[in-house]
Amino acid sequence: MTTATIIQSLASGLLMGLLYGLIAVGLALIFGLMDVTNFAHGEFLMLAMYISFFLFAFFAIDPLLAAPLVAAAMFVFGAVIYLVVVRFAMRAKTNIGMVQIFTTFGLAILMRGLAQYFFTPDYRSITQSWLGGKTISLGGVFLPVPQLVGALVSIAAFGALYFFIKKTDFGRALEATREDAGAVALVGIDKNKVFALGWGLGGALVGLAGAIMAMFFYIYPDVGASFALIAYVTVALGGFGSVFGAFAGGIIVGLVEASTALLLPPSLKSVGIYAVYLLVVFIRPRGLFGSI
Amino acid sequence: MTINRRNVVLGGAAVAALLPLAARAQTSEVVIGVIYPLSGASAQIGVDAQKAFATAAELINEKHDFDLPLARGEGLPGLGGAKVRLVFADHQADPQKGRAEAERLITQEKVCAIVGTYQSSVAVTVSQICERYSIPFISADNSSPSLHRRGLKFYFRAAPHDEMFSTAMFDFFDAQKKKGQKIETLALFHEDTIFGTDSSNAQLKLAADRGYKVVADIKYRANSPSLTAEVQQLKAADADVLMPSSYTTDGILLIKTMGELGYKAKNIVAQDAGFSEKALYDAVGDKIPGVISRGSFSLDLAAKRPMVGKINDMYKAKSGKDFNDYSSRQFMGLIVMADAINRAKSTDGDKIREALVATDMPGEQTIMPWARVKFDEMGQNNFADPVLLQYNGGKFVTIAPPQAAVAEAIWPMP
């Protein structure tokens with residue numbers, strides 16, 4: 001094992017980790033806001049990737065340019081899903097946790113089924129894009145440009161999100177609703193509006209991730225599944241509800257995955273992730289940065 | 001008695017309930033179960049497979065002038081012209097779902113035979129269920145060699161398995177070496193279910209027997225979100241030939257990741273699967289000109305045997321794609337099974353099994369480059385000669401074995 005191999009592994013792990021963080025943050029945000037785990041999160045990612053693909057296929061819009069459009073479309077989609085589906089699930093009188101799980105899980109299956117019906121199960125990919133397939137080589141370490149840009153977008157998105165939550169009125173309303181939804185109603189904040197915007201924001205963030213991933217990953221109706229699993233681990237690791245935790249959790253998952261693959265056979269590389277996850281669950285059940 | 005609305009509704013319901021019975025009594029039919037991944041990560045394979053089986057059923061049920069068993073008549077003459085009806089089931093690439101679906105096909109749908117399954121791991125459980133119920137099972141497109149060595153009486157495979165395929169690859173390497181090419185080291189890259197494992201075991205053994213050095217033997221988890229670590233090891237090994245045994249998703253990601261990490265394999269000789277799928281070449285075909293994959297089908301055969309081209313056209317009208325290694329084997333799977341049922345003149349499992357054992361179909365009456373279809377005592381057809389295909393200029397060209405080749409191999413890969 002040479003130094004270059006180790007640096008390459010860690011660099012790839014870091015890039016992938018930042019992307020994992022961006023994929024997971026929407027999940028963390030929604031959970032933190034209203035204690036709902038969105039089991040259709042992977043399908044949100046799938047939809048975002050398909051939107052990027054169709055924007056490219058029909059309008060020849062490069063995924064990089066399309067990213068804001070995809071984020072906007074996914075913002076609307078997230079808000080609509082809250083208003084049309086989740087809002088009603090939250091009204092359940094008994095067993096509200098179960099109702100929410102089944103609702104979002106059902107949504108996931110429905111979205112997958114519709115995607116297979118309308119988009120066909122064929123594997124798609126964007127073959128020609130500005131960044132796709134390009135690589136920077138630094139002293140024997142290769143950094144694929146799409147992932148590099150993805151990492152930068154992820155850092156920028158987290159920065160903007162931090163600013164948004166801490167410095168804007170709406171961000172404060174978001175935080176306040178999360179702490180005490182009953183009390184905010186008394187001061188005239190419409191809970192439903194805040195929740196809808198929270199879902200929209202969550203959708204927009206995963207939309208951004210989907211547009212980046214469309215540059216280098218294949219797209220098919222089930223593509224969300226393996227990334228969603230990592231997103232749940234990332235959120236649990238970083239701490240449920242903590243936006244910064246998702247960022248840190250993503251980086252940890254990326255680095256642990258890369259270093260496990262250095263030490264163990266590659267087929268066991270996810271073992272490292274789950275081992276760290278278990279460790280956190282035992283030692284600090286609320287996650288590294290969790291506040292609940 | 002006045003007929004009120006309720007009577008009409010009840011009467012209608014009763015008639016509707018009886019209709020299927022009446023229909024069944026009039027046109028006798030033979031029900032065959034077809035079990036494939038119709039949803040999930042490999043849904044694309046299953047959806048294409050449905051079209052291949054539908055093409056075969058159409059040939060059997062309608063009149064066509066092809067020198068193929070059952071094509072010239074309508075239905076199965078041995079059963080009074082009974083039509084073949086297919087019942088599709090979805091196993092989602094999950095061996096446990098496969099087991100449950102096979103059981104449902106047999107007990108609820110009353111199928112008299114089953115054909116499947118794409119994933120070898122699912123064929124393991126499906127064939128066990130078939131054995132328990134004495135229902136014949138044909139592995140249309142499973143290639144794991146261990147499948148036919150489990151002592152099952154109702155298991156049959158008309159197509160080659162991965163030892164035969166791998167032998168063809170090593171014969172090809174030996175021939176290239178004789179011509180003065182340098183092939184010393186090999187890198188194996190395979191997924192972690194029975195398909196990848198059996199394939200790599202066969203290749204490891206052949207490499208040891210024939211004096212090739214395996215410098216990397218990398219097993220990876222199927223449908224991984226990233227293959228960076230795996231590709232790094234392949235790059236470090238930089239073998240003379242990279243030999244992947246990968247399904248479509250991982251195949252695409254492998255080639256993309258190789259590009260990202262600046263690794264260009266000297267040569268790639270693939271164990272089919274993803275490397276015979278159009279989706280892979282649409283996505284990354286431009287990065288791997290000259291890649292070689294094993295196969296059991298070649299459209300080149302249409303030049304010698306015109307019906308191959310015509311049947312391909314029928315399939316293409318349904319699916320929008322040419323026959324590939326999978327759809328062609330699926331097609332033949334149903335033809336071989338229907339031919340046996342026809343000769344058995346019965347839908348009884350044991351009688352169909354006897355007919356399958358007695359199968360002797362000349363290669364000219366198939367759409368494959370096989371010598372014949374004839375099963376050994378383990379249910380394997382050893383007369384199915386594999387071919388090697390090279391991807392060149394957007395299409396596949398047969399380059400080995402010599403008797404089937406239509407062009408010289410371009411070696412090393414450009």
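Strand β3 (residues 113-116) of chain B and strand β4 (residues 137-139) of chain B run parallel and pair over three bridges; strands count as paired if DSSP finds at least two bridges between them. Residues are numbered from 1 along each chain as its sequence is written, and chains are lettered from A and ligands numbered from 1 in the order in which they are written. Helices (H or I, at least four residues) and strands (E, at least two) are DSSP runs, numbered from the N terminus.

**Confidence**

- The predictor gives the complex an ipTM of 0.89 and a pTM of 0.87.
- Chain B has an average pLDDT of 91, and 93% of its residues score at least 70; pLDDT is the predictor's confidence in each residue, from 0 to 100.
- Residues 20-27 of chain B have a pLDDT below 50, and beyond near neighbours in sequence this stretch has one contact in the model. Two residues are in contact if their C-beta atoms, placed from the backbone, lie within 7 Å.
- Where pLDDT is low, predicted coordinates should not be read in detail.

**The five-stranded sheet**

- The β3-β4 pair belongs to an open sheet of five strands in chain B, with the order β2-β1-β3-β4-β5 and parallel pairing.
- β2 and β5 (155-156) of chain B are at the edges with a single partner strand each, so one side of each has no neighbour in the sheet.
- Eight bridges join strand β1 (residues 29-36) of chain B to strand β2 (residues 83-90) of chain B, in the parallel sense. Ile32(B) stands opposite Leu86(B) in β2(B).
- A right-handed β-α-β unit is made by β1(B), helix α2 (residues 43-61) of chain B and β2(B). Right-handed here means that, with the strands pointing away from the viewer, the path from the first strand over the helix to the second runs clockwise.
- α4(B) lies across β1, β3, β4 and β5 of chain B and runs at about 175 degrees to β3(B). Axes are lines fitted to C-alpha atoms, for helices over the stretch in contact, and angles run from 0 to 180 degrees between N-to-C directions.

**The three-stranded sheet**

- Chain B also has an open sheet of three strands in the order β7-β6-β8, again with parallel pairing.
- Its edge strands, β7 and β8 (241-245) of chain B, each pair on one side only.
- From one strand to the next, the twist averages 15 degrees.
- Strand β6 (residues 185-191) of chain B runs parallel to β7(B), and seven bridges join them. Leu186(B) has Val214(B) in β7(B) as its bridge partner.
- Helix α6 (residues 194-210) of chain B packs on the sheet and touches β6, β7 and β8 of chain B, at about 165 degrees to β6(B).
- α7(B) also packs on the sheet, touching β6, β7 and β8 of chain B, and its direction makes about 175 degrees with that of β7(B).

- Domain 1 of chain B gives 15 residues to the contact, and domain 2 of chain B gives 16 residues.
- On the domain 1 side, the elements giving two or more residues are α4 (120-132) and α12 (325-344) of chain B. α4(B) supplies the largest share, three residues.
- That side divides into four nonpolar, nine polar and two charged residues. Ala, Val, Leu, Ile, Met, Phe, Trp, Tyr, Cys and Pro count as nonpolar, Asp, Glu, Lys and Arg as charged, and the others, Gly among them, as polar.

**Where chain B meets chain A**

- The contact brings together 30 residues of chain B and 31 residues of chain A.
- On the chain B side, two or more residues each come from α2, β7 (213-220), α7 (228-237), α8 (248-260) and α9 (278-284) of chain B.
- α8(B) gives the largest share, seven residues.
- By class, the chain B side has 13 nonpolar, 11 polar and six charged residues.

Definitions and conventions: This is a predicted model: local features need pLDDT of at least 70, side-chain atom pairs count only at pLDDT 80 or more; totals for chains, interfaces and linings use all residues.
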